[in-house]
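Dear colleague,

Please look through the coordinates first and then go on to the points below.

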Amino acid sequence: MNMFDGMPDLGRNDECWCGSGKKYKKCHIDFDEKLEDAFRRGLDVPTHDLIKTAEDIEGVRRSAAINVGALDYVAERIRPGISTAEIDRWVHEYTIERGAIPAPLDYEGFPKSCCTSVNEVVCHGIPSEDEILKEGDIINVDVSTILDGYFSDSSRMFCIGEVSQERADLVRVTKEAIEAGLAAVKPWGLLGDVGAAVNKYATERGYSVVHEFGGHGIGLEFHEDPFVSFIAEEGTGMVLAPGTMFTIEPMINIGGHRIDMSDPNGWTVRTADRSDTAQWEVQIVITEDGYEMLAW
Ligand code: MF3
Ligand code: CO
């Protein structure tokens, strides 16, 4: 994790570093003193480049509105009989028509505009003409958007027609686990408390939590610090200073937590035991008195 990068070299009457145009003493000086204090107490403190300004947050809001719109668009159309490539086309066209770019496309060689992960696929499923959704499937559609350089990222589960009680419960509990995580979000609190709350909610109900993947900082890049672990311990992790922005996106399995990354396509991740798995993803920014939900 990043270590505190120190109090900015600013006089009390200088303009604040955040771009507000206000004097430092009327703006972020108390904030910086709190960071410094947390650092002295031995906590993991975000560097200033992770603190989003009001302008950054406004840019991400506009990006996120497209991300949310794309997922709403998918929600209205997804049904048995369509291919996952069809979902990819919906997301691609919806995004491009609004002047934005699908962040997954060409990201480290990813070939499509969103991820579609069906049943035992944990994450990073590649949309395909050959993969046809059938009644009873569960699928995660993970959408990420770049607008004017601002990144947004969220994902949802969809149940295709009638699904088994077991699958319906997995999908519901995974969503509720995020809500438990959100309830643990406190400005100046700790990121590990959020991950631990998600973990507790899922494991108490008999599910397992994937270790290797988690949420991430986001905003000016697709993946920024911190890594948001869902096997985190309470009382650990980065200080949630207002302006920190990240995703909460646990992957929850019916069976064991182990994953299989051996797919020759280099992307598709499956549960090792081929049990069903689910994921939802939201993107938030920490505010003075809580958080703002940006994408869901
Ligand atoms: N959207 C994923 C996330 O939540 C990242 C997918 S990377 C991709 O972080 F290349 F597979 F799209
Ligand atoms: Co993400």
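A search of the whole structure, which is a predicted model, finds seven aromatic pairs. In one of them the ring centres of F4 and F39 lie 5.5 Å apart with the planes at 45°, so this pair counts as tilted. F4 is buried, with a relative accessible area of 11%, whereas F39, at 33%, is partly exposed. Elsewhere, ring pairs link W17, F31 and W188 into a cluster.

Turning to charged side chains, the count comes to 20 salt bridges. Side chains of opposite charge can pair when their charged atoms come close. One of the bridges joins R41 to D37, with the closest N and O atoms 3.3 Å apart; R41 is exposed at 58% relative accessibility, while D37 is partly exposed at 38%. Another joins E204 and K200, at 3.4 Å from N to O, and because these two residues are four apart in helix α5 (residues 191-204), about one helical turn separates them. Of this pair, E204 counts as exposed, at 54% relative accessibility, and K200 as partly exposed, at 48%. There is also a network of salt bridges that links E58, R61 and E292.

The salt bridge between D148 and R62 (3.2 Å, N to O) links distant parts of the chain, since D148 lies in the loop between β4 and β5 and R62 in helix α2 (residues 54-77), 86 residues apart. R62 is partly exposed, with a relative accessibility of 39%, and D148 is exposed, at 57%.

D148 also deserves a look for its backbone. Most residues other than glycine have a negative phi, and most peptide bonds are trans. The phi of D148, however, is positive, near 50°, although the residue is not a glycine; its loop runs between β4 (138-147) and β5 (150-159). R274, likewise not a glycine, has a positive phi of about 60°, and is found in the loop between β12 (269-271) and β13 (277-279), where R274 is partly exposed at 43% relative accessibility. As for the peptide bonds, the one that joins D225 and P226 is cis, with omega about 0°, and P226 is found in strand β8.

Lastly, a note on G99, which lies in the loop between α3 (84-97) and β1 (101-102) and is exposed, with a relative accessible area of 55%. From C-alpha to C-alpha, G99 and D30 are 39 Å apart in space, and they are 69 residues apart in sequence.

Notes. Residues numbered from 1 in each chain as written. Chains lettered and ligands numbered in written order. Predicted model: local features only at pLDDT ≥ 70, side-chain atom pairs only at ≥ 80, totals over all residues. Heavy atoms only, no water. Phe/Tyr/Trp six-rings, centres within 6.5 Å; stacked < 30°, edge-to-face > 60°. Buried < 20%, exposed > 50% of the residue type's maximum accessible area, 1.4 Å probe, protein only. Salt bridge = Lys/Arg side-chain N within 4 Å of Asp/Glu carboxyl O.
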